[in-house]
Amino acid sequence: FIQMLRSAKKRDVLQLLRRAPEDMGSFVVEAAVAAQSVASLEALSDFLDFSKEPKTLLEKFLYAAAFSPRPSGELLRLVLDKLDGKQLAPEIWEAGIVAVGSLVGKLCQQKLCGLQEVERGVETILRGLRGAQEESEVIIYLLALGNAMLPETVPTLLDHAEEGPAAVTTVAISALRHFPTEHISSKVKRAMRRIFHEKRRSYEKTCRLAAAEILLDNHPLPMDVINILLATNEMETEMAKFLLLKVQDSLQAHHHPARKIMKDIVGDPRINNYNFFSKAGISSSFSGPLTATQDLLSTFGLDLLFLEGGFLRKSTSEFSLLSHGRRLRAAQVTIEAQGMESMMGENTSDGEEEPELMAGMSVMFFGVHLRPIIFFQGYTDLMAKVLLSSGEPTSVVRGNLLLMDHHQVIPLQSGLQVAIKLQGGLGLDISADMDVNIWEQELKTSINTRGSLAMDFQAELDSPFLQATLRSQTEVETSIHFDTMLRFSGSPVLMCLQLREEQVPYR
């Protein structure tokens, strides 16, 4: 369909968009974004009216742009023009800013940072961040900076990491975590030490743990590892347990950059002893391989941070791909619940402000942070959701994405030329649900990921006297469900975790 659109005229693409049945409209929009021909982008510009179109169609357009493997300056200009100076629904504005960040980052990776559209995109994000009044707006602009991954924005992220409220600090540190190691400078590490060791002010526990992870994951100094381990003696049980398991897990992971340093340090019996590592607590951190070949290692990681009373504070499930020293976070889903302890009559830790009751989710997919989803915010909202719950899971991202788009002409020694084309498309459906049962004192979360990958490879030799074509098509479908269930009515807290992977058809 994409190949057909690339050779179509503007009026034909526009007609397709206007006449598509309701259930096919988003598919045509996604294909038109992926085609990225002048005609298809002009047709989209005429067709999409951000003041009238249904929100789902506009979100599909923005996410298709954000995930585009090799975006053009024209695609970024189209997104910026559609967002510029309009009164938009909050979710469309959020998806749009996040998409701008992703497009800026991908154009810079193609060495196109000097484009006028890229400069306009960066200015849009930075100007918006400077003028943002609401905490939720600041978070969206920081997510966009995380998607762009521009080295010159690291100081801005550091300022918000150190000075912002808890939610802002968390997002800023998360954005820094995904920068390549070469951009985690000594200045960044000094700031992370100040946050983790609380040199200037107290920080929420998830912020401190995220700062420790940056220090441990980026060529750590032996002193940093030792100080982090020693600090666990002063921490509350769950936080210390989580951090110690993080260190032990990195010792077992052959690909972890800090493995050698960790091994040397735990050779010291003053640290590596039962008294030190046998902290009680139910928090956990685990990662292990799903598949391993000579060129590729895919891993699944699960982090669960609990509060002292047994409530789940934060769960992160992550699928990563590692190949030739490079790491790609294919999918990362984080579910957070805060303020629960006050609802059950428990006290917050000393020095910590009492957080607002809230549960939400954040998702990163193929290196792109999506806008966060809030399940409930505040006690009134929680009760409304409990009483009026539809039982339907919340859709996080759903659609079709072009992941690979490669075209190359190879001259042969005989003087002939071979044209090679490779395209890869992904159909994706991620949904999540969180169910809090106040009366039964149960908390259930479920994350469902369904995906199908189709790859089309074609090599064509074309000369006046000989024609030859080699073509291969590959399709894979997979479905992964991750459920957690917690019952905190008694002590100890009962917990059930389930990861289900359905059979994978491969054609």
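Visitor: Which residues line the largest cavity?

Guide: A word on the idea: rolling a probe the size of a water molecule over the atoms shows where empty space is left. In this predicted model, the largest cavity is lined by F300, S317, F319, A331, V333, I430, I447, T449, I480, H481, F482 and L499. The space inside comes to about 80 Å³.

Visitor: Which strands supply at least two residues each to that lining?

Guide: These are β3 (312-323), β4 (326-338), β10 (442-462) and β11 (467-487). The largest share, three residues, belongs to β11.

Visitor: How many of the lining residues are nonpolar, polar and charged?

Guide: Nine are nonpolar, three are polar and none is charged.

Visitor: Let's turn to the rings. How many aromatic pairs are there?

Guide: A pair of aromatic rings is described by the distance of the centres and the angle of the planes. The count here is seven aromatic pairs. One of them joins F300 and F319, with 5.0 Å from centre to centre and 45 degrees between the planes, a tilted arrangement. F300 sits in strand β2 (residues 297-306) and F319 in strand β3, so this pair ties together parts 19 residues apart in sequence.

Visitor: Is F300 buried or exposed?

Guide: Buried, at a relative accessible area of 7%.

Visitor: Why is the pair of F365 and F366 edge-to-face?

Guide: Their ring centres are 4.9 Å apart and the planes meet at 85 degrees, so the pair counts as edge-to-face. F365 is buried at 5% relative accessibility, whereas F366 is partly exposed at 26%. Ring pairs also link F67, F365 and F366 into a cluster.

Visitor: Which residue lies over the face of F196?

Guide: That is R208, at 5.2 Å from the ring centre.

Conventions
Residues numbered from 1 in each chain as written. Predicted model: local features only at pLDDT ≥ 70, side-chain atom pairs only at ≥ 80, totals over all residues. Heavy atoms only, no water. 1 Å grid on protein atoms, 1.4 Å probe; cavity = no way out; pocket = protein on both sides within 12 Å on 5 of 7 lines; lining within 4 Å. Points joined across faces, edges and corners; volume = space filled by probe spheres on them. Helix = DSSP H or I, 4+ residues; strand = E, 2+ residues; numbered from the N terminus. Nonpolar A, V, L, I, M, F, W, Y, C, P; charged D, E, K, R; others polar. Phe/Tyr/Trp six-rings, centres within 6.5 Å; stacked < 30°, edge-to-face > 60°. Buried < 20%, exposed > 50% of the residue type's maximum accessible area, 1.4 Å probe, protein only. Lys NZ or Arg CZ within 6 Å of the ring centre and 35° of its normal.
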